[in-house]
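This briefing is for a reader who is meeting the structure below for the first time. The notes that follow are grouped by topic.

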Amino acid sequence: MILTTPQQPGDNSPPLTASDFQRLAQLVRREAGLDLPEMKEMLVYSRLVGRVRELGFSDFGQYADLLSRPGTEPERQRLINALTTNTTQFFREKHHFAYLAQEALPPLIAQARKGARLRIWSAGCSSGEEAYSLAFTLLEACPNAAQLDIKILATDIDADVLSQAILGKYPESALHKLPQTVMTRHFTPVDDHAWQVNAEARALIHFRSLNLIKPLPMRGPFDIVFCRNVAIYFDAATQDLLWKQLNGITAPGGYLFLGHSERLSSPTKEEFGLQGVTIYRKRPSAVPNDLGQSEASQGEPPCR
Ligand SMILES: C[S@@+](CC[C@H](N)C(=O)[O-])C[C@H]1O[C@@H](n2cnc3c(N)ncnc32)[C@H](O)[C@@H]1O
């Protein structure tokens, strides 16, 4: 069955059949966790048709054949890059950053000033706006963050958006909603209509390629995890796997921020308390001491 056919008589666009769609969808689900039901056929078609033509193929089946061969990892990465949705913006869901500044960061920064480590992770960071918003919020609360043991890890599966994130260069259209104070402190104009994030904020962030559905390569724990608007592209089973991984890497008493339409599910949900809209806090695992603080949150956290 052909899902997407040429639109005009004489149009020789490569057709996408239901079985070729399934082959591509299965590959992308297996490799990246992305859920592509058949209703997404136009999205798949429009994002891949240029590549199918470029490779000289007359249909999507030939492209699926190519991807099934050993040694085609770079083409698979390209496929994943093409099928991820990377929509993001600076200070997206402002209430998360307000909560960070007012509630989550002050005690963590106080501990960092006494020598403790503070680790933040932007998981599924896209082109970097989320990670830089975290850095700006951190620098506002702790101007000497660079002198303390504070780091932000920012990761994504999509190599194309990661390159943009590392560059930290954005068109004016992406910046027009930012307060003037943030622009003045954290950006420098570099081209006619583009601005780059200053070295101070960039130095706090380490950008890395990372697939959230594979075993995590780092040990953590992280005090603050932003994993927003990533799980919505996964099916329920893959979301459960992701929640388990995020639970494992979040410090007791640490925070997990999800996207506006995402919710933790059981059994991970029971490990966290809800602090605000899509703001979760991991329950301390240790017995509270006399000060009402968890033993696990005292002193030097484990190596991460
Ligand atoms: C819609 S963007 C969200 C960006 C940012 N977190 C925000 O909320 O503005 C989703 C990001 O998740 C990434 N992503 C999708 N599947 C992933 C996976 N299996 N591992 C890591 N990142 C993934 C995509 O490449 C994309 O950049």
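How many bridges join S6 to strand S7, and in which sense do the two run? Four bridges join S6 to S7 (residues 194-197), and the two strands run antiparallel. The model is a predicted one. In it the protein has 10 helices and 12 strands, and its C-alpha trace spans about 75 × 50 × 35 Å along the principal axes. Of the 304 residues, 36% are buried.

**The three-stranded sheet**

- S5, S7 and S6 form an open sheet in the order S5-S7-S6, with antiparallel pairing.
- Strand S5 (169-171) and strand S6 (187-191) stand at the edges with a single partner strand each, so one side of each has no neighbour in the sheet.
- From one strand to the next, the twist averages 35 degrees.
- S5 and S7 are paired antiparallel over three bridges, and the bridge partner of Tyr170 in S7 is Trp195.
- In a regular strand, side chains alternate between the two faces of the sheet.
- S7 has a covered face with Trp195 and Val197, while Ala194 and Gln196 are on the uncovered face.

**The seven-stranded sheet**

- Seven strands make an open sheet of mixed pairing, in the order S8-S4-S3-S9-S10-S12-S11.
- The edge positions belong to S8 and strand S11 (272-276); each has a single partner strand, so one side of each is left without a neighbour in the sheet.
- With direction ignored, neighbouring strands of this sheet are turned by 20 degrees against each other on average.
- The backbone hydrogen bonds through which strands of a sheet pair can be arranged in a parallel or an antiparallel way.
- Strand S3 (residues 118-123) and S4 run parallel and are joined by six bridges; across this pair, Ala123 has Thr155 in S4 as its bridge partner.
- S3, helix H6 (residues 129-141) and S4 together form a right-handed β-α-β unit.
- S4 also pairs with strand S8 (residues 205-209), in the parallel sense and over five bridges; here the bridge partner of Leu153 is His206 in S8.
- Strand S4 (residues 150-156) is largely enclosed by the rest of the structure, because six of its seven residues are buried.
- Strand S9 (residues 222-227) and strand S10 (residues 250-258) are a parallel pair with five bridges, in which Val225 stands opposite Leu256 of S10.

**The ligand shell**

- The ligand is surrounded by 25 residues, and the closest are Thr84, Thr88, Gly124, Ser126 and Ile157.
- By class, this shell holds nine nonpolar, 11 polar and five charged residues.
- Domain 1 (2-83) and domain 2 (94-297) each supply at least three residues of the shell.

**Backbone exceptions**

- Most peptide bonds are trans, and most residues other than glycine have a negative phi.
- Gly220 and Pro221 are joined by a cis peptide bond with omega of about -5 degrees; Pro221 lies in the loop between S8 and S9.
- Another cis peptide bond runs from Ser266 to Pro267, with omega near 5 degrees, and Pro267 is in the loop between S10 and S11.
- Asn229, which is not a glycine, has a positive phi near 60 degrees.
- Asn229 belongs to the loop between S9 and helix H10 (236-249), and it is buried because 21 other C-beta atoms lie within 10 Å.
- Thr278 also has a positive phi, of about 55 degrees, although it is not a glycine.
- Thr278 is in the loop between S11 and strand S12 (279-282), and with 19 other C-beta atoms within 10 Å it is partly exposed.

**A helix residue at the surface**

- Is Ser163 buried or exposed? Ser163 has 12 C-beta neighbours inside 10 Å, so it counts as exposed.
- Ser163 is part of helix H7 (residues 159-167).
- Ser163 and Ser209 are 46 residues apart in sequence, and their C-alpha atoms are 9.9 Å apart in space.

Notes:
Residues numbered from 1 in each chain as written. Predicted model: local features only at pLDDT ≥ 70, side-chain atom pairs only at ≥ 80, totals over all residues. Near = placed C-beta within 6 Å. Nonpolar A, V, L, I, M, F, W, Y, C, P; charged D, E, K, R; others polar. Domains from an automatic or database assignment. Pairing = 2+ DSSP bridges. Axes fitted to C-alpha atoms, helices over the stretch in contact; angles between N-to-C directions. Buried ≥ 20, exposed ≤ 12 C-beta atoms within 10 Å, placed from the backbone. Right-handed = clockwise from strand over helix to strand, strands pointing away.
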